Amino acid sequence: MKFCRSEQEQYEKIPVEIFADSSGATRQLAAEIAALIKERNGAGRPAVLGLATGSTPVPLYRELIRLHREEGLSFQQVVTFNLDEYYPVGDDHRESYHRFMAEQLFNHVDIPASNIHIPDGNVPRDSVFETCRNYETAIEAAGGIDLQVLGIGMTGHIGFNEPGSGRDSRTRLITLDRITRRDAARDFLGLENVPRYAITMGVGTILQARRIVLMAWGQGKAAIVARAVEGPASDAVSASFLQHHARAAFYIDQPAAAALTRIKHPWLVGAETWEPPEIRNAVCWLAGRLEKPVLKLLDEEYNENGMASLLAEQGPAYTLNIRIFNELQHTITGWPGGKPGADDTHRPERALPFPKRVLVFSPEPSDDAAGLGGTLDRLVSQGHDVQVVYQTSGNLAVPDSQAATFARFLLESARARSTGWEEQVRYGESLLKDLEEKGPFGVDSRRLRDLKGLIRRGEARESARILGLDPERLIFLDLPFYEAGRYRRFSLTGADTAAIGMVLDRCQPHQIYATGKLADPSSVPAQCFNALAEALRQRENHSWRQTCTGWLYSAHDRQLEPHQIGMAVPLSPDQLSRKLQAIGKHPSQQTQFAQTGEPDQQTARRYDRLGLAEYEAIEAFERWF
Ligand code: GLP
């Protein structure tokens, strides 16, 4: 079925509501759920909800809990069916969806245990088929699902319906996709711990729900959301089958909407207002599409590609091309802290003051090297006063095997001393005992988390040395939200903002680098960004704040598009190899992220193709303030 509400949405085959942020979206959905519960209960029937797991629904569950506590919403007459469960896992596994649902919702509302249904990930292999069939029967017996809540995986899956899942598939055992397992690796503290299978409701089961709302947050989801909404309905992206449902909708935040045509290429769907960033976007898009440098674009090419109004307003092509070319050209600078003694009218950063006090905020040790290692290198060698602030310790991301190596080394060197090191011996022994007792999925003791944090501090210092940065200039904040939390379950408090605020007050920076603005709101970078943004907001009127500039970098997420770039810092082959060396000084992270120069080289290639100078690599920044 083709859905289209307006000219702007003509490419969208599912209704999409774009919200400023996830809280607006979840408030609206929670209100709809509350109304449904009351309406069904009023008619003497339970409301049947289909529920999802992952980070995405966490804010929804928080809002439902609030409605229960503060507004008396009762779940006594609510029946729930969860989409899926890993297989094989026990209910008490810390990453099981049973545990997740208990911790995130069920333990905090008045739902009777007998009303809760989650596929059993613990049944023997030869009972799986029967379990799945019984799950379908239970849904039918409950009268079908009134409202199904969904998230979307990076493979476009709903539930765990990986690519290849048919439109009519039912509840069944499925093999998890490589990408899905990689995405879950952090939660499971290592890829090797992620189960290979899952039991999931089928696409057909999901489509039978009377109402479906899929939520998605953060720029990481933008591309897959656009494919599901605007692409063909096919088993390559199981969420695209929602196009066949009469009452399905997507509730997404702005970063997750970024790849929809109405946002990415608004001129293609009738938007006629040409604001400067959009003009640059359109010109770069046209150049990319025609594989031509900006300066060679012709009048007729603008006309033939939906930009006649732009040309009429700002043309001819010759003038427009030169203007955009110059704008792009002016983003390039080898002086990220400003070039002293040079005219800075067209430079991204002001020349004075020089040297600048620069604060680089890095959510975890290693984000700085990966995101702006080359720029750090330049800032330091150009004489600026640079400090790197590691917002979290990053200790959750250290595999047990690394901790064990350090603990064994410590123990061995302590034992090699004849006397006076008994305490160190005991410490080493207790670390190894903690590791053994908790097993691969257990929660780390405080002692272990501290050790893992120290490992990352050591890596950060080695990495800084490569970039010419004195390790004394590193600040480790170990923000409390991270130390108290787990992936997907972090929540910021005033203590986080206060810790960042103290650094700002002490340094009074002229320039700030940060990341995480568009990230999934539950992720570590997003939490870190929000804490920093709040600390800055509280200091809006401070005098240093009036002249301070803020730049956003991307560490492990999507690279900026040319039209978003406010500052492009070229790296020579030598600088790139130093950056890679610095990244390589984080061995505990080797399995987490690809450690190549590819993203920066790709940015350089894109600039080259637009007709700008050809560099080995470019680190790109978006202007924040
Ligand atoms: C898992 C779940 C899905 C969920 C997806 C995305 O694969 N089975 O139901 O939508 O993860 O997770 P997140 O919301 O954390 O991005």
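How many bridges join strand β6 to β9, and in which sense do the two strands run? In this predicted model, 4 bridges link β6 (residues 147-150) with β9, and the strands run parallel. Within this pairing, Val149 has Val213 of β9 as its bridge partner.

Strand β9 also pairs with strand β10 (residues 248-253). This pairing is parallel as well and comprises 5 bridges. Here Ile212 lies opposite Ala248 of β10.

Burial of β9 was examined next. Of the 6 residues in β9 (residues 211-216), 6 are buried, so the strand is largely enclosed by the rest of the structure. In a regular strand, side chains alternate between the two faces of the sheet. Both faces of β9 are covered. Arg211, Val213 and Met215 are buried on one side. Ile212, Leu214 and Ala216 are buried on the other.

The ligand site was then considered. The ligand is surrounded by 14 residues. The closest are Ser55, Thr56, His157, Lys221 and Arg488. By class, the shell holds 8 polar, 3 nonpolar and 3 charged residues.

For Tyr97, the distance from a ligand nitrogen to a side-chain N or O atom is 3.4 Å.

Methods. Residues numbered from 1 in each chain as written. Predicted model: local features only at pLDDT ≥ 70, side-chain atom pairs only at ≥ 80, totals over all residues. Heavy atoms only, no water. Near = heavy atom within 4 Å. Polar contact = N/O pair within 3.5 Å; in protein donor to acceptor, adjacent residues only side chain to side chain. Nonpolar A, V, L, I, M, F, W, Y, C, P; charged D, E, K, R; others polar. Buried < 20%, exposed > 50% of the residue type's maximum accessible area, 1.4 Å probe, protein only. Pairing = 2+ DSSP bridges.
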